[in-house]
Amino acid sequence: MSYIPTPEQARELVAQYNSEPFHLEHAETVSKVLGVFAAEFDPGMEDYWRTVGMLHDIDFERWPDQHCTKAAELLAGLDVDESVIRAVVSHGYGLCSDVAPERYMEKVLYAVDELTGLIGAAARMRPTGLADMEVKSLKKKFKDKKFAAGCSRDVITSGAEMLGMPLDELMERTICAMRA
């Protein structure tokens, strides 16, 4: 019988396969951002969204060349519910997965995964971090392809389009969610 881990159980699973503080912090950040989005768009499902956010990169540190494929294997082997596995795999759509995000939560994960990385990098460059970050300053960093070059602007833009949300609004919502 498959199960849906709690966010706490998901955190423990991620820690079994990841030791780098950056990867653990990224999982926490994406999990919390998804929880904030869930509170608005899917009330009552915050823990589910947070679990998916926590697990999305479970395989990345150990198996970067098999990202999403290995995650599906690991999670299936742990008898994690197929809906969680599908959501985790869909966040790599077009990069390392051919599973397109379909549910709203999957689209949010797809969009904010790369965006949280960009925002986090921008926050580290600011004396006040996220506290007073504005979309205007983030957009300057977004346009600078050399800044946080590993964060795909195409994925962020495509994610906003999938959500039917203007890029500025996605940025604003994600900044606010990261502050929360």
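Does Cys68 count as buried or exposed, and at what relative accessibility? Select Cys68: at 1% relative accessibility, it counts as buried. Here buried means under 20% relative accessible area, exposed means over 50%, and partly exposed lies in between (1.4 Å probe, protein chains only).

**Ground rules**

This is a predicted model, in which local features need pLDDT of at least 70, side-chain atom pairs count only at pLDDT 80 or more, and totals for chains, interfaces and linings use all residues. Residues are numbered from 1 along each chain as its sequence is written, and side-chain values use heavy atoms, with hydrogens and water left out.

**Stop 1: two positive phi angles**

Stay on Cys68. Its phi is positive, about 80°, although Cys68 is not a glycine. Most residues other than glycine have a negative phi. Cys68 sits in the loop between helix 3 (46-55) and helix 4 (69-77). Helices are DSSP runs (H or I, at least four residues), numbered from the N terminus.

Next, select Asp79. This non-glycine residue also has a positive phi, of about 65°. Look for Asp79 in the loop between helix 4 and helix 5 (82-90). Asp79 is partly exposed, with a relative accessible area of 33%.

**Stop 2: the nonpolar core**

Now select Leu55, Ile58, Leu118 and Leu170. These have the most contacts inside the largest nonpolar core, which has 55 residues. Such a core is a set of buried Ala, Val, Leu, Ile, Met, Phe, Trp, Tyr and Cys residues joined through side-chain atoms within 4.5 Å. Helix 6 gives the most to this core, with 11 residues.

Centre on Leu55. Leaving aside residues up to four places away in sequence, Leu55 touches Pro5, Ala10, Leu13, Val14, Leu75, Val84 and Val88. Contact means heavy atoms within 4.5 Å.

**Stop 3: helix 7**

Select residues 135-143, helix 7. Val135, Leu138 and Phe142 are buried there. They lie on the same side of helix 7 because they cover an arc of only 60° around the axis. That arc is taken from the directions from the helix axis to the C-beta atoms. Turn to the face away from the buried side: Lys136, Lys140 and Lys143 are exposed. Among the elements covering the buried residues are helix 6 (104-124), helix 8 (153-163) and helix 9 (167-179).

**Stop 4: pockets and a cavity**

Both searches use a 1 Å grid over the protein atoms alone. A cavity is a set of points where a 1.4 Å probe fits but cannot get out; a pocket is an open set with protein on both sides within 12 Å along at least five of seven lines. Lining residues have an atom within 4 Å of a point. Grid points are joined across faces, edges and corners, and a volume is the space filled by probe spheres set on the points.

The largest pocket holds about 370 Å³ of space. Select His26, Asp57, Asp113, Glu114 and Gly150, the closest to its centre of the 19 lining residues. Helix 2 (21-41) and helix 6 are the elements that give two or more residues to this lining. Helix 6 gives the most, with 6 residues.

The second largest pocket has a volume of about 210 Å³. Its lining includes Phe22, His26, Arg124 and Met178. Here too, the largest share comes from helix 6, with 6 residues.

Finish at the largest cavity, with about 40 Å³ of space. Select Val14, Asn18, His23, His26, Ala27, His56 and Asp57, which line the largest cavity. Helix 2 supplies the largest share of that lining, 3 residues.
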